[in-house]
Amino acid sequence: MKLLKLLLTTAVFAGASSFAIAQEPRPLPPLAMQPNAETVTFEHIDALNKCDWDRLMAQYPEEVLFILPNGVWVEGRRAIGDVFAGFCTSREDGGFKGATFIAEKVKTVENTVNVSWRVEADWLAEPYKGADAYVTHDGLMYAQVTTFDPADMKFK
């Protein structure tokens, strides 16, 4: 319950949707299909590291689903856009801009790319580790299951 409260009351990851409601929604960019599952995944990681909201959102069809820790679901392109609008703000504003996700291990099974990663940032006391499974289809990302949990990060 503590994690759910954190996610729903701050501008971090899932909580970004409550943060973004107060703002005018940005228009969603056109979809940009990639040639294969790995390219979709590494486009996501690069766009995330650059906090490039348009590039992130160009990957997600309307029926996208993110499954967060504790079974929290975020569904739909607009809801995911709200998540990343909050994620891509400065640390002072509750976001994660300036974080660098570094893939440590990658295993692809058909159209699903599994990645163990670490996050480094000037505002972290130590690197944070986690993993994601990215489910792709036709050059887009349809689902992501993540262990990303801001409550487990150690901030300076």
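Select Cys88. At 13% relative accessibility, Cys88 counts as buried. Buried means under 20% relative accessible area, exposed over 50%, and partly exposed in between, with a 1.4 Å probe and protein chains only. This is a predicted model: local features need pLDDT of at least 70, side-chain atom pairs count only at pLDDT 80 or more, and totals for chains, interfaces and linings use all residues. Residues are numbered from 1 along each chain as its sequence is written, and side-chain values use heavy atoms, with hydrogens and water left out.

How many disulfides does a search of the whole structure find? It finds 0. A disulfide here is a pair of cysteine sulfur atoms within 2.5 Å. Cys51 is in no disulfide; its nearest cysteine sulfur belongs to Cys88, 3.2 Å away.

Next, select residues 77-87. This is helix α5, and 9 of its 11 residues are buried, so the helix is largely enclosed by the rest of the structure. Helices (H or I, at least four residues) and strands (E, at least two) are DSSP runs, numbered from the N terminus. Among the buried residues of α5 are Arg77, Asp82 and Phe84.

Move to Glu43 in helix α3. Is Glu43 buried or exposed? Glu43 is buried, at 19% relative accessible area. Leaving out residues up to four places away in sequence, Glu43 touches Gln34, Arg55 and Gln59. Contact means heavy atoms within 4.5 Å.

Now the strands. β4 and β5 pair in the antiparallel sense over 8 bridges. Two strands pair if DSSP finds at least two bridges between them. Select Ser116: its bridge partner in β5 is Ala131. β5 also pairs with β6 (residues 140-146), antiparallel, over 6 bridges. Here His137 has Leu140 as its bridge partner. The hairpin has 2 residues between the strands, and Asp138 takes a positive phi near 50°.

Last stop: Gly71, in the loop between β1 (65-67) and β2 (73-75). Gly71 counts as exposed, at 52% relative accessibility.
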